[in-house]
Amino acid sequence: MRVYRFTASGRAAIEQTGIPQAQLAEAAGIPRQHLSKRLLGEGNLTPATANRIARAFADATHGEQAAAMRLLFEEFDNGREAKRKRAADATD
């Protein structure tokens with residue numbers, strides 16, 4: 001499964017724009033604590049949540065969501081899907 005993490009440049013961009021975390025979280029429809037933890041590097045974001053944050057950031061900065069996604073996040077495979085496939089192959 002693909003998951004997302006904030007990049008260092010993404011965290012800096014949010015800070016530089018002066019958008020309060022509470023405002024960004026509210027606009028994205030997520031709890032402020034959830035956003036705060038992810039900004040600190042704790043845990044991952046689902047694609048849906050990353051998209052909501054990117055849309056909220058783009059709206060606040062009058063930018064484009066796709067550009068916000070590239071700026072804010074890095075995408076990676078958390079390995080769950082590969083583990084699931086290996087387990088399914090082992091039972092066949």
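**Rings first, then helices**

Tyr-4, Phe-6 and Phe-73 are linked into a cluster by ring pairs. Before the details, a caution: this is a predicted model, where local features need pLDDT of at least 70 and side-chain atom pairs count only at pLDDT 80 or more, while totals for chains, interfaces and linings use all residues. Residues are numbered from 1 along each chain as its sequence is written, and side-chain values use heavy atoms, with hydrogens and water left out.

How many aromatic pairs does a search of the whole structure find? There are 2. Rings of Phe, Tyr and Trp (its six-membered ring) pair if their centres lie within 6.5 Å; planes under 30 degrees apart count as stacked, over 60 as edge-to-face and the rest as tilted.

Tyr-4 and Phe-73 have ring centres 6.1 Å apart and planes at 75°, so this pair is edge-to-face. Tyr-4 sits in strand 1 (residues 2-6) and Phe-73 in strand 2 (residues 73-77), 69 residues apart. Strands here are DSSP runs of E, at least two residues, and helices are runs of H or I, at least four, numbered from the N terminus. Tyr-4 and Phe-73 are both buried, meaning under 20% relative accessible area, with exposed over 50% and partly exposed in between (1.4 Å probe, protein chains only).

Phe-6 and Phe-73 make a tilted pair, 4.7 Å centre to centre with 45° between the planes. Phe-6 is in strand 1 and Phe-73 in strand 2, so the pair ties together parts 67 residues apart in sequence. Both of these residues, Phe-6 and Phe-73, are buried.

Now the helices. Helix 4 (residues 47-61) packs on helix 5 (residues 65-72) at about 115°, with the axes 8 Å apart. Axes are lines fitted to C-alpha atoms over the stretch in contact, and angles run from 0 to 180 degrees between N-to-C directions. Helix 4 and helix 5 are therefore roughly perpendicular; the classes are under 35 degrees roughly parallel, over 145 roughly antiparallel, 65 to 115 roughly perpendicular, the rest oblique.

Which residues meet between helix 4 and helix 5? On helix 4 they include Ile-53 and Phe-57, and on helix 5 they include Met-69 and Leu-72; contact means heavy atoms within 4.5 Å.

Helix 2 (residues 21-28) and helix 3 (residues 32-39) also pack at about 115°, axes 8 Å apart. That makes helix 2 roughly perpendicular to helix 3. Among the residues meeting there are Leu-24 in helix 2 and Leu-35 in helix 3.
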